[in-house]
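Please consult the sequence and the model below before reading on.

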Amino acid sequence: MKTAVAFAVCACVVILVSAAVEQKSKNCNEVRTAYSSKGFNINDVPNKGVHGAHLKVCPEGFSCCTLEMEEKLSQQSRSDLKAPVSQLSSNLQSTFTQRHQHFDQFFKELLNNAEKSLHDMFVRTYGVMYVKNAELFKHFFHELRRYYASGGAAVHLDTMLAEFWAELLERMFRLVNVQYEFTDTYMECVSRHTEQLKPFGDVPRKLRLQLTRAFVAARTFTLGLALVPDVVSKVSTVSASPSCVRAAMKMLYCPYCTGQVALKPCKNYCLNVMRGCLANQADLDTEWNNFLDAMLSLAERLEGPFNFESVMDPIDVKISDAIMNMQENSMQVSQKVFQGCGQPKPTFRSRRSTKDSSFPGRFRPYSPDARPTTAAGTNMDRLVTDVKKKLKHAKKFWSTLPETVCVGERVAQGDECWNGTAKSRYESVVMGNGLANQVSNPHVEVDITKPDVVIRRQIAVLKEMTSWLKAAHSGNDITFDNEEDGSGEESGSGCDSPSCDNDDMYFSTPPPVKPRMVHQEKDSSSGVRLTPSNLVLALAGLTLALLAPHTR
């Protein structure tokens, strides 16, 4: 008797609980609250569940959704799908926009500081002679700025530097030989023999190596930093496909329709949906990672042999060393020029005017004051260390987006999650990343034969920038169309040897010169322009002329 009573009581309890659960499942109050929290009209939601045969996305059976609700939630799912990806992309954009600004400001301030330091030092050291010729140095820094801003298409560094030293030689030669008159033709002869005379010692060659490598590396690196937010911005414009939106709606809001507003999607379910939706973006990963590797490699150059700061900071001292060398050897240089180019005509000037227009007999030694404050309030090592961390962190950004999105409170594990049809374990196999792996995606229909045009374009852009970075790593600038000037040559020093990693560029050897055929051309100013073979003969003749007085 007691057993029968106990059984009856248990049966009643089970019936009452089942009735309560059924009543709750048919009640859409929780859905009404959740739906209105999204900004929608609460009156769209029925008070009690209805049959879901009319729905296009969510399962049939009991439903708290109408067709109108499903359409609105589909639009909401598009926004919800985009939000975490946009946030991650925005963070990446912001990070590299700031790093680009830091490096760009740093390089520009280094140039400004170097020019100011040279001006102050030369005013103290050379006085009025510098002031009268200051525009030459002003133009020198102007051209360096133009190269940094516009690259080899605007300024060919080797040519610019050669012209700077030739012009400096011409001005100094006139000043140390103020007692003579020199025609333009005579000065052309002097300029033609600058390389053989080496009036400035080895400084021009060493400085050329340093400047070209440092400027090519600095400029290309800042271009790379600027490219990151640009690529991210363009990729962010790629919209979700209708199939992706449908899958997102089913994953995020079909639990609402079943009255389970707190139910989260299973993690692997989320991964499959996101990998289908972001299949094209994941295909960026290979070239993206190659680009970041090239940036990291060039960053190491900026820390070492191509350090822009270590080149620009003492440039005033180096140019001053060259001028001192010319001044100390002015008599020997002048004698060689007179023997090779002919004896110039003396000029008739008063002794006072000659004294006023010539260099002082001995330059005052340079006593450096405090250097200008560090550019942009930092230094190269600190900037590079920081940006290397960011570059490493950005690797595999596109392929790991699904994993980054499908974490935390957005998903659930085990059996307590939404698998697309019910609250249960998700059994489907997780797809790989990229377009080709979505052939069998169970949730998102992806046409693997039609890759996104915007993303394919960004893949090409990354590949091109990677080639620029690799060239800059060897000291070459290929960021401009070589066909424009018809030369087919690259600007730079061409450092491919391991010595670039360890040696001080200021004491390194020049790269080998590739032989090039040059045809004889007419020159309106001097009659005939010498080919390399004729130039050798001319130099041999000059050498004999210089030696002739000693053999007599």
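Is Tyr148 buried or exposed? With a relative accessibility of 7%, Tyr148 is buried (under 20% relative accessible area, with exposed over 50% and partly exposed in between, for a 1.4 Å probe and protein chains only). Phe107 is likewise buried, at 0% relative accessible area.

The model is predicted, so local features require pLDDT of at least 70 and side-chain atom pairs pLDDT 80 or more, whereas totals for chains, interfaces and linings use all residues. Residues are numbered from 1 along each chain as its sequence is written, and side-chain values use heavy atoms, leaving out hydrogens and water.

Across the whole structure, 27 aromatic pairs are found; rings of Phe, Tyr and Trp (its six-membered ring) pair if their centres lie within 6.5 Å, and planes under 30 degrees apart count as stacked, over 60 as edge-to-face and the rest as tilted. Two of these pairs are set out here.

| Pair | Geometry | Centre to centre | Angle between planes |
|---|---|---|---|
| Phe107 and Tyr148 | edge-to-face | 6.0 Å | 70 degrees |
| Trp165 and Phe200 | tilted | 5.1 Å | 45 degrees |

Because Phe107 belongs to helix α3 (residues 67-126) and Tyr148 to helix α5 (residues 134-150), their pair ties together parts 41 residues apart in sequence. Helices here are DSSP runs (H or I, at least four residues), numbered from the N terminus. Trp165 lies in helix α6 (residues 157-176) and Phe200 in the loop between α8 (194-197) and α9 (203-235), so this pair ties together parts 35 residues apart in sequence. Both Trp165 and Phe200 are buried. They also belong to a cluster linked by ring pairs, whose members include Phe122, Tyr126 and Tyr130.

Key
Helix = DSSP H or I, 4+ residues; strand = E, 2+ residues; numbered from the N terminus.
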